[in-house]
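Here is a friendly walk through one protein model, in questions and answers.

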Amino acid sequence: MPDTYAAIGNPISHSKSPLIHATFARQTGQDLSYTLIEGPLGQFSQTVDAFRASGASGLNITAPFKLDAFAYANERSSRAQLAGAVNAMKFDGDRVQAENFDGLGLVRDIQENLGSPLRGLRVLMLGAGGAARGAALPLLEQSPARLVVANRTLSKARDLATLCRPYGVIEPISYFELASERFDVVLNATSASLRGELPPVPAEVFAPDALAYELAYGKGLTPFLRLARNAGIRRMADGVGMLVEQAAEAFSWWRGIRPQTRAVIEMLTVPLKD
Ligand code: ATR
């Protein structure tokens with residue numbers, strides 16, 4: 001029987017993970033099965049217990065279970081600890097190892113696929129919620145010149161800076177203070193795009209030739225990307241590369257072999273246009 005993996009979430013039917021992992025498995029000659037589990041709300045532990053009891057090897061976790069997965073695991077990476085959330089688990093008897101590959105996937109996408117090494121760049125991240133927490137440590141590890149975090153609720157940006165202090169400097173800032181600042185990379189890690197909203201970021205924050213990156217995936221030209229385009233920014237990306245790269249990280253962790261991502265990203269790309 002092939003090793004079995006799954007993604008758990010609620011809802012989950014929209015997930016691209018089975019397609020991504022099946023493509024990776026074909027490409028690398030790995031024999032595995034990857035399915036979807038629509039986890040009943042409030043029953044994460046029981047559902048994962050049953051999956052493990054069936055002999056499963058690993059699991060991806062998406063909304064709303066990333067915090068439940070953090071609590072369920074008994075070995076957590078520093079990335080997962082800082083994010084306070086888990087998006088991948090590996091099972092080995094009683095061991096439940098937990099990781100958070102979202103931020104690593106983001107960084108790989110920016111650096112390897114979009115050709116912007118972050119070292120020495122001025123980076124602005126909008127948002128200080130779960131997505132931003134997952135990205136903070138992998139971003140800091142690249143030694144940007146600055147990592148500024150803007151959030152509506154400034155106290156949450158300050159909390160994130162405090163949490164990350166052992167790893168590097170995050171500058172918390174309110175949206176009002178951004179008008180006189182310029183950045184080489186602007187990341188939208190808020191959930192605003194999911195509701196078609198625009199964070200109150202001034203269009204002047206984009207340095208000439210800046211990269212505008214929307215962490216959400218498959219929404220086309222979001223209000224944030226439209227703001228960037230109208231400010232004359234040509235380098236724009238959404239989170240499709242991040243999605244595929246975090247999957248590649250999980251695949252490598254589970255199988256010990258790194259898949260190629262470019263063709264999978266191209267297959268899933270939704271054009272960024274009106
Ligand atoms: P996620 O896990 O997707 O990050 P979250 O933890 O609920 O979701 O965090 C949502 C983030 O998006 C927060 O930083 C939130 O700002 P506040 O902390 O001030 O609420 C931000 N956000 C959501 N809608 C926004 C909007 N319309 N404008 C600006 N920021 C927004």
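Q: Which residue lies over the face of Phe70?
A: A quick note on the ground rules: this is a predicted model, where local features need pLDDT of at least 70, side-chain atom pairs count only at pLDDT 80 or more, and totals for chains, interfaces and linings use all residues. Residues are numbered from 1 along each chain as its sequence is written, and side-chain values use heavy atoms, with hydrogens and water left out. A charge sits over a ring if NZ of Lys or CZ of Arg is within 6 Å of the ring centre and within 35 degrees of the ring normal. At 4.6 Å from the ring centre of Phe70, the residue over its face is Arg76.

Q: How many aromatic pairs does a search of the whole structure find?
A: Rings of Phe, Tyr and Trp (its six-membered ring) pair if their centres lie within 6.5 Å; planes under 30 degrees apart count as stacked, over 60 as edge-to-face and the rest as tilted. Ring pairs also build a cluster here, made of Tyr5, Tyr34 and Trp254. For the whole structure, the number of aromatic pairs is 7.

Q: Why is the pair of Phe44 and Tyr72 called edge-to-face, and how many residues apart in sequence are the parts tied together?
A: The ring centres of Phe44 and Tyr72 are 5.9 Å apart and the planes stand at 90°, so this pair is edge-to-face. Both residues are buried (under 20% relative accessible area, with exposed over 50% and partly exposed in between, using a 1.4 Å probe and protein chains only): Phe44 has 4% and Tyr72 has 15%.

Q: What are the parts tied together by Phe101 and Trp253, and how many residues apart in sequence are they?
A: With ring centres 5.5 Å apart and planes at 75°, Phe101 and Trp253 form an edge-to-face pair. Phe101 counts as buried, at 3% relative accessibility. Phe101 sits in the loop between strand S6 (95–99) and H5, while Trp253 is in helix H9, so the parts tied together are apart in sequence by 152 residues.

Q: Which helix gives the most to the lining of the second largest pocket?
A: On a 1 Å grid over the protein atoms alone, a pocket is an open set of points where a 1.4 Å probe fits, with protein on both sides within 12 Å along at least five of seven lines, and lining residues have an atom within 4 Å of a point. The second largest pocket holds about 250 Å³ of space, and of its 14 lining residues, those closest to the centre include Asp109, Leu114 and Thr269. The lining divides into 7 nonpolar, 3 polar and 4 charged residues. With 3 residues, the helix that gives the most is H10.

Q: Where does the chain have the cis peptide bond that Pro64 takes part in?
A: The bond from Ala63 to Pro64 is cis, with omega near 5°. Another cis bond joins Asn10 and Pro11, again with omega about 5°. Pro11 lies in the loop between strand S1 (3–9) and helix H1 (17–28), whereas Pro64 is in the loop between strand S3 (58–61) and H3.

Q: Is Asp209 buried or exposed?
A: Asp209 is found in strand S11. Its phi is near 70°, a positive value in a residue other than glycine. At a relative accessible area of 53%, Asp209 is exposed.

Conventions. Grid points are joined across faces, edges and corners, and a volume is the space filled by probe spheres set on the points. Helices (H or I, at least four residues) and strands (E, at least two) are DSSP runs, numbered from the N terminus. Ala, Val, Leu, Ile, Met, Phe, Trp, Tyr, Cys and Pro count as nonpolar, Asp, Glu, Lys and Arg as charged, and the others, Gly among them, as polar.
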